[in-house]
Amino acid sequence: MFDTTLGKSPMMHRLQNYIHEHGACITNAFDVSSWARTTTVDEVSLTVFVRRGAVKVELIHIAPDDQRRVLDTLGRNAPGVTSSSAVKLKAVEGFLLPHIQLLEENSSFDLYFETADIPYRQIAKVNYISCTFKRGEYIRKNAEIFRDYCRSMGRDNGDQLTVVDNGSDSGVISDAQVNVILNRNTGGAGGFGRGMYETCYGSLRDRAFTHVCLMDDDIYLHQEMFFRTSAMARFLKPGYHLGAPMYPAFDPSAPPKRSATFGHRFKGTLHPADEALGVGLNTQDVARFSQIPHDQSSTGWWWDCISVDDIHKAGLPYPFFVKMDDVEYGLRLRQHGVQVVIPSSFWVMHDDFEEKYSALMQYFRFRNRWVLLAQKNQMVGRIQFWKEYSSMVLGFLRSLRYEHAELLLDAFDHYRQGPEWLVRNETKLLKKAVSRVKREKHAPMVEADTFGMRVGNGIGQSQSRWRRRLTRLTMNNHFLGMKEKIVIDISSPYELSDFRRAGALALWHKRKSVGMQLTRQSWRMLRDLIRLGGQLRHLVGWRRKSASYQQVMTYYTSPAFWRKYVGETLGEFSDTPARWARPHDSSIEHELVALRQEIDGLRCQFGGGSKRFAVSEHVQHLLNEGLLETEKLRQDLQRANDLGLNLLRNRHKGQRCFILGNGPSLSLDDIERLNKLGEVTFASNKIYLLYPETRWRPTYYTVEDTMVLRNHFETLRSVSGSIKIFPDNAKVYGFHDSKTVFVNLIDPKSFVAPLVDPEFPAFSTDLSKGLAWGSTVTYSQIQLACFMGFSEIYLLGIDHSYKLPGKKDGNKYISEGEVNHFHPDYRKPGELWHEPNLEVLEHSYAAARRACEGLGVEIVNASRSTKLDVFERGDLDIVLSRRS
C-alpha cells in the first residue's frame, strides 16, 4: 500500500468517486470490462483520503459468477491518504467494489479510483448539450448541478453546459460555465443538432471542445456523472462513444433501484420495437450486470458522449424532430467504426415514460422508423409494408384507440410526401399531430377510478362460433351497441379480443397508476377504414419514394444544411430543392482554405507527403518544447478534409451535370456551349490541354490514374479554377494542395482480375466512407455526382474504343503517338499508359446504372460518337436546347 499524508503524485488521475448515499451498489463499482476494453487504462488503485476520524475499507473483486474476494484492505486512524496496491484490469473480470467495513462516528473522507496510466488525450473538453422545451424547472436545476460540479473541480477544466432553448423560456442565465442558445422549436434532434453544429462548425468552434455529451432535459443529475464522463473521455480510445444506463426516477432523491435499459439492439423491423438490453436489474446485485451484452446498436440521448472527430466523420444528426434520432445516429456511428460503450457505474435518472405517454409519440415513432429504414435501404416492399401497416392500424381500431390509428394514417400520408416536404412542413405537422390528441394520453388513474368496471384481461373470444365470426366481421363488435364498462390493465397480459365487449374502456397501468378513458365510436372506425382503403393507391412508386430518403441523407447531415436549418424561420428554405444545396455564404469554404493553407505551411516543413517526417531545425525545436504535436497536425488535416467532404454533400441537389470523357469525340465547340449555359461539369486527367484555347474550367476536376499522378505531378498542382477531388493515395506520391479534397479509395479484392469477385464493383454514395474503384475515373465521377445530389447525369466524350500500340513495358503500353484522345499531345511517344479492359469497364458501368436507378438518378450517354451501349443514348443538341 502507498501511504502518505502529503497526497498522491501529480501523475495520478482520478477516475471515479465513491457516492456515499448510494452505498454498496453498482453505481459505486468500478466496471473493469468497460475500462479495460475501451480505454488506455491498464491498472487502477483505490484511494481513501481521510480528513477527520478513522475509516477502514475493503477492495472487493466481484467476478461475473458472483464469487467475491478481498484484494486489499485500506485503513487510516488519522488524516491522510492511503492507496491500495494497483490492480491490473486484464487480470480480473467483473467489478471492483469498495466496502466500508469500519467507520468512526463523524468521520469525513473521500474514496475514489485512480490510475497512473497516461490518458489518450492530455485534455478532454466536453460540451454538455441539453435541448429543452417548456421544461424550465428541470433545466434550471440541472444547470445549478453543473455549476456545482465546476466549483468542485476548483479550476476551469474546459467543460461547459450548453442549453439549447427551443422554447426561449427556460430561465437559465448564461455565465462562464453555462451557455444558452435560443432556438426555434426544432424538436430534440433539431436542438441537439444545433448544439453539435455550433460546437463543431459555428459559434463555439473556437472553444476547441473534444467531445459533446447529449443529455435530456427531464433527467435528475448528480455532479459525479459529469466528473466520470469527462474523466473517461480523456482515456477513451478512438472508435467508441460513451452512453449511460437509464433508471426510472420514482424517487429522484433516492439511489437508483432497478435499471430501465442499457441501450438497444436494432432489429430492423417496420414496427419500432427494438430490443432493450439490461432491463430490470437490481443495483444491489452487482454480478448480474456482467451479463449485459456489449453489442448495443445505440444508446438513448438521455446521455451520449461523442468525440468531435467522430462527428466530423459521421456528420450531424438527421432532422427527425423527435424519436429515432438517437437510434439513427448510433447506427451511423457504427457504420463509421464507432461503437457505444455503456459503463455499469454510470446512471441517469429519468422521469417514467409511462407517465408522459401520448398517442403523439406513436406518430413520430412509426413515421421516423420508416424514414430510418429507407435511409438504410432496409425498407420492405410495398406488399409486405401494406400487410404490416394495415394490421397495425386495424389493431388500434379494434382496441378503440382511434387517435392512435389516425396518427398512424397521418404518418403514412406524410412519409410518402418525401424528405424535403417533411423538413419544410415539420412545424405545421407538429401542430396538427398535437391537435389530434385529446383523450389518448396518460393521466393519473388510481383503482378508485375503475370501480364498477369489469376487468377485461382474459375475457378472450366467445365460445360461440357465429359470435366469433360476427366479432371478426364487425371489427371487435363495432356497430353492435356494446355498453359494458371494461378496464384493461396494460401492465398485465391482454389480447385484442379482451376489448370486444367494451362500450366504455379504461386502459390502466395498475403498477404506475396512470391510464386513459376511451369510448367506442363506430362511426369513427368506419371513417378511418375508408381512409385506410384510399391509401392503397399511394403504394405506386413505393421503392422510388423510399430511395429519395437515402439520396438526401448525406446533405441533411451536412454542415451546409444545418447552417440554414438553424436559422430563425423555415422561410429561409426554398421550394426548389436546388437552392437548398448551396449555402448563401462561403464562410466555411474560406475556413477550409485558410485552415488548409495554414497546415500546409507546417506540413511542408515535415517533408511533404512522406510518412516519416524530415523536420527542419525550427520545427524540431517546436517539437522538443512540446509546442507542436504531430498527431494533432494530422487530426487538423483530416478535420479540414472532412469539412470539405461535408460541403459537397447534396450541394447540387436536383440539378443536372455533364461528365466529360477524354475521347476523340470531345470537341471544344461542345465545351464552349456547356460553359455558356453555365452547366456543372466533371473532367479528368489531361483535360488541361484544352485550357490555352478556352476560358472554360470544369467545376470538378479528378485524377485517379496513378501514372498520370506520377508523370504530371507539378502540372496537376498548378491546375486551378476547379475544385479538385483526388483519391487519398495521391498523398503517397507527395501530392498535397490546400484546394484539393481527398477521398479514400475503396480497393477491389484484385486489381488484376476484379471480375473474380462477384460483388465487384462496390458503389458508394457517401464520400466519408470512400469512393469505390471501378477501373475508370468516369465510374468514380458518377459516384461523386450522386453524393452531390445530381438527379440527371449526361456523359460526353465517352467513345469507349481504343487502338492499342504494338510495344509494351511489362503490363503497360508504350505510346507511339496519340490516336485515342481529344488532343494530339495527350500521350506523347514513349509515354507509358495502362491498357483499358473494356469488359471490366462495361461491368462497372452496368453497376453504376443499377445503383443510380435505385437512387432515382438518370444517366444518359450524350457522346457524339460512342460504342458504349450500357446507358440510354441521348442527343446532346436536344439536351442543351432544353436548358437554353
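## Helix packing and strand pairing in a predicted model

Phe 412, His 414 and Tyr 415 of helix H9 are in contact with Trp 542, Lys 545, Ser 546 and Tyr 549 of helix H14, and by class the residues of this contact comprise four nonpolar, two polar and one charged. The model is a predicted one, and its protein chain contains 25 helices and 40 strands. Of the 884 residues in the protein chain, 57% are buried.

**Helix H9 against helix H14**
- Helix H9, covering residues 402-415, packs against helix H14, covering residues 542-556, at an angle of about 80°, and the two axes lie 11 Å apart.
- Because angles of 65 to 115 degrees count as roughly perpendicular, H9 is described as roughly perpendicular to H14.

**Helix H23 against helix H24**
- The axes of helix H23 (residues 777-787) and helix H24 (residues 838-855) cross at roughly 10° and come within 10 Å, and the two helices are therefore roughly parallel to each other.
- On the H23 side the contact is made by Thr 778, Tyr 779, Ile 782 and Cys 786, while H24 contributes Ser 844, Tyr 845, Ala 847, Ala 848, Cys 852 and Leu 855.
- Sorted by class, the contact of H23 with H24 holds eight nonpolar and two polar residues, with no charged residues.

**The five-stranded open sheet**
- Five strands, in the order S23-S27-S26-S25-S24, form an open sheet whose pairing is mixed.
- Strand S23 (443-444) and strand S24 (454-455) are the edge strands, each of which pairs on one side only.
- Within the sheet, strand S25 (residues 484-489) and strand S26 (residues 502-509) run parallel and are joined by six bridges, with Glu 484 standing opposite Ala 502 in S26.

**Strands S31 and S32**
- Strand S31, residues 723-727, pairs with S32 in the parallel sense over four bridges, and Ile 725 stands opposite Val 741 in S32.

**The chain as a whole**
- Among contacts between residues at least 6 apart in sequence, 72% join residues that are at least 24 apart.
- The protein chain exposes about 37,600 Å², of which carbon and sulfur atoms supply 50%.

Methods: Residues are numbered from 1 along each chain as its sequence is written. This is a predicted model: local features need pLDDT of at least 70, side-chain atom pairs count only at pLDDT 80 or more; totals for chains, interfaces and linings use all residues. Side-chain values use heavy atoms; hydrogens and water are left out. Axes are lines fitted to C-alpha atoms, for helices over the stretch in contact, and angles run from 0 to 180 degrees between N-to-C directions. Angles under 35 degrees count as roughly parallel, over 145 as roughly antiparallel, 65 to 115 as roughly perpendicular and the rest as oblique. Contact means heavy atoms within 4.5 Å. Ala, Val, Leu, Ile, Met, Phe, Trp, Tyr, Cys and Pro count as nonpolar, Asp, Glu, Lys and Arg as charged, and the others, Gly among them, as polar. Two strands pair if DSSP finds at least two bridges between them. Buried means under 20% relative accessible area, exposed over 50%, partly exposed in between (1.4 Å probe, protein chains only). Accessible areas come from the Shrake-Rupley method with a 1.4 Å probe; for residues, only the protein chains shown count as cover.
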